[in-house]
Every structure is written in structure tokens, then in C-alpha cells.
Amino acid sequence: MTDPDEILALEAKFWQAMCDEDIGSAVAMLDEQAAVAGMRGIHHFDHESYRKMAEEGGAKLISFKFADEKVLFPTPDVAIATYTVDQTFEMNGKQQQMTSFDTTTWVKKNGSWLASAHTETPKPQAPEDNND
């Protein structure tokens, strides 16, 4: 069985590629057909459409920090990474921060782990005290 640390290192490498705007490295880590589900809906993409999305997207990841990481191996060739991520990004010229709960499904093909599906669920904001 693969070491969970190997999967978490791949996850961090992918996020770092986004910070570095290294689209080629990110694409190399993706399965040919992949999916993402998050605040902006569900998107299916191949390598070329991911490249286009990354080049034209309006957001730039600045930094990230993982917590509560865990990796599950439902089969020897499938790994599911789960974690909380604090991220800082720039969108439309404004710096923003967000904490979310993420999962990535990695599939081993021809000896290489590839990201096949990713989900991102924003952590709900605590309601403001309204004791006026």
C-alpha cells in the first residue's frame, strides 16, 4: 500500500503549482478526465480545458496551509485525501481568505498517481453576535 505521506505530498505539490502559476506541473498531475465540485458548481475537464481555465481564471492562489489531513485507500490504486485548508487568494484585485474542507481522489495509472476528482466546501462563517 502507498504511504499516506506520498499522497499528501502530491496534494501539497498540486497546490504549490497553483500558487506558482505553474500550469504545466498542475496539468501533469491530473487524470485525463477530471472533475471539481465547489462554490462555482461542478466542472468536468480534460488537460486542455484545465489549462484554459487556469490561464483565464480571475483568481490567484497566494498561500495555503493544510490541517487535519487523512488519506483513505478504498483500493490499492485509489486514494482519497481529506483535509482542512486555510487559503489566501486574490480575486478581482482584492486579497481574500477562506477556510474550506477539501477532498481529492487520486487514482494510480501506469504507476503514477493522478488527481481525478476534487471537492471544496467552504467552512460556514460563524454568525455574528447580534445582542443589541
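Helices (H or I, at least four residues) and strands (E, at least two) are DSSP runs, numbered from the N terminus. With that in hand, let us work through some exercises.

The model is predicted, so local features need pLDDT of at least 70 and side-chain atom pairs count only at pLDDT 80 or more, while totals for chains, interfaces and linings use all residues. Residues are numbered from 1 along each chain as its sequence is written, and side-chain values use heavy atoms, with hydrogens and water left out.

**Exercise 1. Helix α1**

Step 1. Look at the start of α1: a side-chain oxygen of D3 comes within 3.0 Å of the backbone nitrogen of D5.

Step 2. Just after α1, E21 has a positive phi of about 55 degrees. E21 is a residue other than glycine, and its place is the loop between α1 and α2 (23–28). E21 counts as exposed, at 56% relative accessibility.

Step 3. The buried residues in α1 are I7, L8, L10, E11, F14, W15, A17 and C19.

**Exercise 2. Aromatic pairs**

Find aromatic pairs that link distant parts of the chain, and classify their geometry.

Step 1. A pair of aromatic rings is described by the distance of the centres and the angle of the planes. Rings of Phe, Tyr and Trp (its six-membered ring) pair if their centres lie within 6.5 Å; planes under 30 degrees apart are stacked, over 60 edge-to-face, and the rest tilted.

Step 2. Searching the whole structure gives eight aromatic pairs. One of them joins F14 and Y50, with 6.3 Å centre to centre and 55 degrees between the planes, and is tilted. This pair links distant parts of the chain, 36 residues apart: F14 sits in helix α1 (residues 4–19) and Y50 in helix α3 (residues 47–56). F14 is buried at 11% relative accessibility, and Y50 is buried at 9%.

Step 3. Now take F73 and W113: their ring centres are 6.4 Å apart and their planes stand at 65 degrees, so the pair is edge-to-face. Here too distant parts of the chain are linked, with F73 in strand β3 (residues 59–75) and W113 in strand β6 (residues 112–122), 40 residues apart. Both partners are buried: F73 at 16% relative accessibility and W113 at 6%.

Step 4. Finish with the cluster, a single aromatic group formed by W15, F64, F66 and Y83.

**Exercise 3. The largest pocket**

Which residues lie nearest the centre of the largest pocket, and how does its lining divide?

Step 1. On a 1 Å grid over the protein atoms alone, a pocket is an open set of points where a 1.4 Å probe fits, with protein on both sides within 12 Å along at least five of seven lines; lining residues have an atom within 4 Å of a point. Grid points are joined across faces, edges and corners, and a volume is the space filled by probe spheres set on the points.

Step 2. The largest pocket holds about 1300 Å³ of space. Of its 42 lining residues, M18, Y50, M53, A59 and E120 lie nearest the centre.

Step 3. Strand β1 (residues 30–38) gives the largest share of the lining, six residues.

Step 4. Sort the lining by type: 24 residues are nonpolar, eleven polar and seven charged. Here Ala, Val, Leu, Ile, Met, Phe, Trp, Tyr, Cys and Pro count as nonpolar, Asp, Glu, Lys and Arg as charged, and the others, Gly among them, as polar.

**Exercise 4. Two polar contacts**

Step 1. H118, in strand β6, is buried at 18% relative accessibility. Its side chain makes a polar contact of 3.2 Å with the side chain of D102.

Step 2. T104, in strand β5, is buried at 2%. The side chains of T104 and E11 are joined by a polar contact of 2.7 Å.

Terms used. Buried < 20%, exposed > 50% of the residue type's maximum accessible area, 1.4 Å probe, protein only. Polar contact = N/O pair within 3.5 Å; in protein donor to acceptor, adjacent residues only side chain to side chain.
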